[in-house]
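Colleague: Please take me through the reading of loop angles and helix packing in the model below, giving the general idea before each case.

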Amino acid sequence: MFRDSDKAQKDMKYAQACLIFAKRLGLIEDDSLEAVKQRCQAENDKRAQMLKEDAVFYGLTNFSFREYLEWEISKIKLDFVSESKQVKKAYSFREIPKKEIKAYYKNNRDLFTRYNGDRFPFRDLKQIIRKRIREEEFENEIKNILRQLD
C-alpha cells in the first residue's frame, strides 16, 4: 500500500471506502482520517503502557499512520469475512448455497492443491471457501462505495 503517487491516491481512496463501509457496519464511529490518526495514537499509547507493564501483546510496539491504517483495514475485513456479531447487526449477509461453495471449489482447485499435486478434500475446505466468497462480497461493497465517491 502507498507506493508511487498515483498508486498512493488509489490506495487512499480504497482506504477511505473501507472506512466508510466500517462506519456503516458500526465497527467505527468516525470514518475521517483525523479519527484514524486519533485511534492510531490511542493504540500506540495502549501498547506503550503494556510495554511498561511487561504485558504480552502481539505485533508492533508503535504504529506509523500508514501501518495503523493497514492494520485497521485488515481488522475490518476480518470482522466482515468472519461474520462477526457486530457486523451481523448492521449487514444482511446473503446465504451461500452449498452449490455455490462446490462451484467455487471446482473453479479454483489450484488454490486448494498441495505442492506435490494432491488436493485437500472438499469437506475440509468449506469454511475457507465461505470466507473467500465473503472476501469477494466485501470487495464488491468497496467497489460500490468507490463508484459513489467518483
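Colleague: Where is aspartate 54 placed?

Modeller: Aspartate 54 lies in the loop between H2 and H3, helices being DSSP runs of H or I with at least four residues, strands runs of E with at least two, both numbered from the N terminus. This is a predicted model, in which local features need pLDDT of at least 70 and side-chain atom pairs count only at pLDDT 80 or more, whereas totals for chains, interfaces and linings use all residues. Residues are numbered from 1 along each chain as its sequence is written, and side-chain values use heavy atoms, with hydrogens and water left out.

Colleague: What is phi of aspartate 54, and is this residue buried or exposed?

Modeller: As a general idea, most residues other than glycine have a negative phi. Aspartate 54 has a positive phi near 55° although it is a residue other than glycine, and with a relative accessible area of 69% it is exposed (exposed means over 50%, buried under 20% and partly exposed in between, with a 1.4 Å probe and protein chains only).

Colleague: Which residue with a positive phi follows H3, and is glutamate 83 buried or exposed?

Modeller: H3 is followed by glutamate 83, with a positive phi near 55°, and this glutamate sits in the loop between H3 and H4. Glutamate 83 is buried, its relative accessible area being 17%. Just after H1, glycine 26 also has a positive phi, of about 80°.

Colleague: At what angle do the axes of H1 and H3 cross, and what is the handedness of the crossing?

Modeller: The axes are lines fitted to C-alpha atoms, for helices over the stretch in contact, with angles from 0 to 180 degrees between N-to-C directions. Those of H1 (residues 5-25) and H3 (residues 65-81) come within 10 Å and cross at roughly 45°, and the two helices are therefore oblique to each other (under 35 degrees counts as roughly parallel, over 145 as roughly antiparallel, 65 to 115 as roughly perpendicular, and the rest as oblique). The crossing of H1 and H3 is left-handed, in that the near helix is turned anticlockwise from the far one by less than a right angle, clockwise being right-handed.

Colleague: Which residues of H1 and H3 meet?

Modeller: The general idea is that an α-helix has 3.6 residues a turn, so residues three or four places apart point the same way. Here the contacts, meaning heavy atoms within 4.5 Å, involve residues of H1 including Ala15, Cys18, Leu19, Ala22 and Leu25, and residues of H3 including Leu69, Glu72, Ile73, Ile76 and Phe80. By class, this contact of H1 with H3 has 13 nonpolar, no polar and 2 charged residues.

Colleague: Against which helices do the buried residues of H1 and H3 pack?

Modeller: In H1 the buried residues, among them Asp11, Tyr14 and Phe21, pack against H2, H3, H4 and H6. In H3 the buried residues, among them Tyr68 and Val81, pack against H1, H2 (33-52), H4 (85-90) and H6 (122-149).

Colleague: How many helices and strands has the protein, and what share of its residues is buried?

Modeller: The protein has 6 helices and 0 strands, and 31% of its 150 residues are buried. Its C-alpha trace spans about 45 × 45 × 35 Å along the principal axes, and, among contacts between residues at least 6 apart in sequence, 60% join residues at least 24 apart.

Terms used. Nonpolar A, V, L, I, M, F, W, Y, C, P; charged D, E, K, R; others polar.
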